[in-house]
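Please look over this structure with me. My notes follow as numbered points.

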Amino acid sequence: SGASFVVFGGDFSGAATQVGTVGDDTLTGTAAVDVLIGGTGNDTLDGGGGADVLRGGAGDDVLSVGDLAFARIDGGAGTDMLRISGSGLALDLTVLDNTSLSGIEVVDLAAGGNALTLSALELLRLSDTSNTLRVLGGGSDTLTLADAGWVHAGTLTDNGTFTIYTNGNARLELQDGVAGSGLPAGPVPAVELSAIEAGTGGFVINGVSANDQSGYSVSSAGDVNGDGFDDLIVGARFDDPNGSNSGASFVVFGKTDGTAVELSDVEAGTGGFVINGVSANDNSGQSVSSAGDVNGDGFDDLIVGALYDDPNGNNSGASFVVFGKTDGTAVELSAIEAGSGGFVINGVSALDRSGFSVSSAGDVNGDGFDDLIVGAKLDDPNGSNSGASFVVFGKTDGTAVQLSAIEAGSGGFVINGVSASDNSGYSVSSAGDVNGDGFDDLIVGAPFDDPNGGGSGASFVVFGKTDGTAVELSAIEAGTGGFVINGVSAYDRSGASVSSAGDVNGDGFDDLIIGARGDAPNGGYSGASFVVFGGDFSGAATQVGTVGDDT
């Protein structure tokens, strides 16, 4: 009739120094070579050091080693842990014999200043029943991933908090607090302004009074007071220092702590200084910006736009350059108008609204002084509201600048919009050195231009130059002296905001960012922003490297 016989293994040769029972056992070895066999319970095996053999058997076992001289460790069935109970030990699975460690689903570095190095392949070899390894430990312990391809895959809370990393089928759960090397970056957490308000991760700057609209415009200010900390400028276009809606701007000196800044304190000369508009309804502070070091005195300067100022007709607009200074005394733009502490830049004609946008321009003409750009979106060089932008070269004195003189090529140059209603100059900015020729370039937004449908918008990059000849954006459109960046679709309003972006991709050319508030990638008016990489557009670069290591 036949039969089959199951023969249990056992310590036939007397090699095992200790053998567990069917229960939960604790087996402790000596400094000599030990062979510990756990049996079928949830066992704890401590070899005591040396070339030990530890076999957990069935159950959830803990196999502990005080050094790395073990001959073989096999956790067996269940969820088994290798605990490194010594200190300052470095277990590198990438150089370990494939057969000397198996059946392990958890490694505990035990906060002993221990280190574990592994790859996805070694992780998968550790266990026949699981593709997951959990690593426990403390802040003195380190895990190193020796291969590429790992990705951050979220977090897990299970008797502690763990960060999950995956590489193909391999899954690693790393306890928070264990140091990591070679780990992929996780998602950047959102910043809650409520936390900033509470002084965590930054600080809040609070407006003075109801309806001031402080923060309508903001900008970096450079180091205005020369203390080594970069400063800030905040526009409050409806503040009322010299009549209703005369407007004010506040320079806030850089600082290290997270305490809130009250603009009422800055107004009183503590932690910065206020810049007060000239007259009612000027809306000074509608636009504000760092100006770079316009007068070359070593202090960064500022520019403040007041689009409803009336120097050359109603709403011709004005912009005010305020020279950097160290004290907190208030600046009156009426004094700047008179040539003390800076200079005024007066719009050309009624309703131009020059100063609607203002920005530093970098050193466009390469003379060592930082320059400025002022947008006048309703200027009419090529039809009603075609718009114009004015590059004003840096200078040391306080004499007023008339944009009509810039228009004539004296002290800068004008950039004229293409067609009626384009509103070129709606936004303006330095562009950095986009083409790598050593001169800083400019970018001008015209959100009502129509290259790809009504109001699709366009932005124009104007290469830096030394002379005062006028720039026609129609020529830029044709590829002379710069290039045009056309919006995608009707009503996208691309170019409503434009800015330099620094060197985003690290290729040595400065890049750009363009806002298209009416774009609809995720629903009507969800908006989009476009980063445009700089390049050797003008052929100025004699050699350009690759993404590799070049000589």
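1. Glutamate 122 and arginine 125 sit 3 residues apart in helix 1, so about one helical turn separates them. Helices here are DSSP runs of H or I with at least four residues, strands are runs of E with at least two, and both are numbered from the N terminus. The two side chains form a salt bridge, with their closest N and O atoms 3.6 Å apart. The term salt bridge requires a side-chain nitrogen of Lys or Arg within 4 Å of a carboxyl oxygen of Asp or Glu. By this rule the count comes to 11 salt bridges.

2. A word on the source. This is a predicted model: local features need pLDDT of at least 70, side-chain atom pairs count only at pLDDT 80 or more, and totals for chains, interfaces and linings use all residues. Residues are numbered from 1 along each chain as its sequence is written, and side-chain values use heavy atoms, leaving out hydrogens and water.

3. A cavity is a set of points on a 1 Å grid, over the protein atoms alone, where a 1.4 Å probe fits but cannot get out; a pocket is an open set with protein on both sides within 12 Å along at least five of seven lines; lining residues have an atom within 4 Å of a point. There is 1 cavity of 30 Å³ or more. The largest cavity has a volume of about 90 Å³, counted as the space filled by probe spheres set on the points, which are joined across faces, edges and corners.

4. Which residues line the largest cavity? They are Leu93, Leu96, Asp97, Asn98, Leu101, Glu122, Arg125 and Leu126. Helix 1 (residues 120-126) gives the most to this lining, with 3 residues.

5. The protein is divided into domain 1 (17-181), domain 2 (210-355) and domain 3 (358-368 + 376-401 + 416-535), with bounds from an automatic or database domain assignment. Contact between domain 2 and domain 3 takes 24 residues from domain 2 and 17 residues from domain 3, where contact means heavy atoms within 4.5 Å. Their centres, taken over C-alpha atoms, are 23 Å apart. The count of salt bridges between domain 2 and domain 3 is 0.

6. The largest pocket holds about 500 Å³ of space. Where does the largest pocket lie? Domain 2 and domain 3 both give residues to its lining, so the pocket lies between them. The lining has 24 residues, and Ser217, Ser287, Phe356, Ser357 and Ser427 lie nearest the centre. Strands that each supply at least two lining residues include strand 20 (214-222) and strand 35 (427-432).
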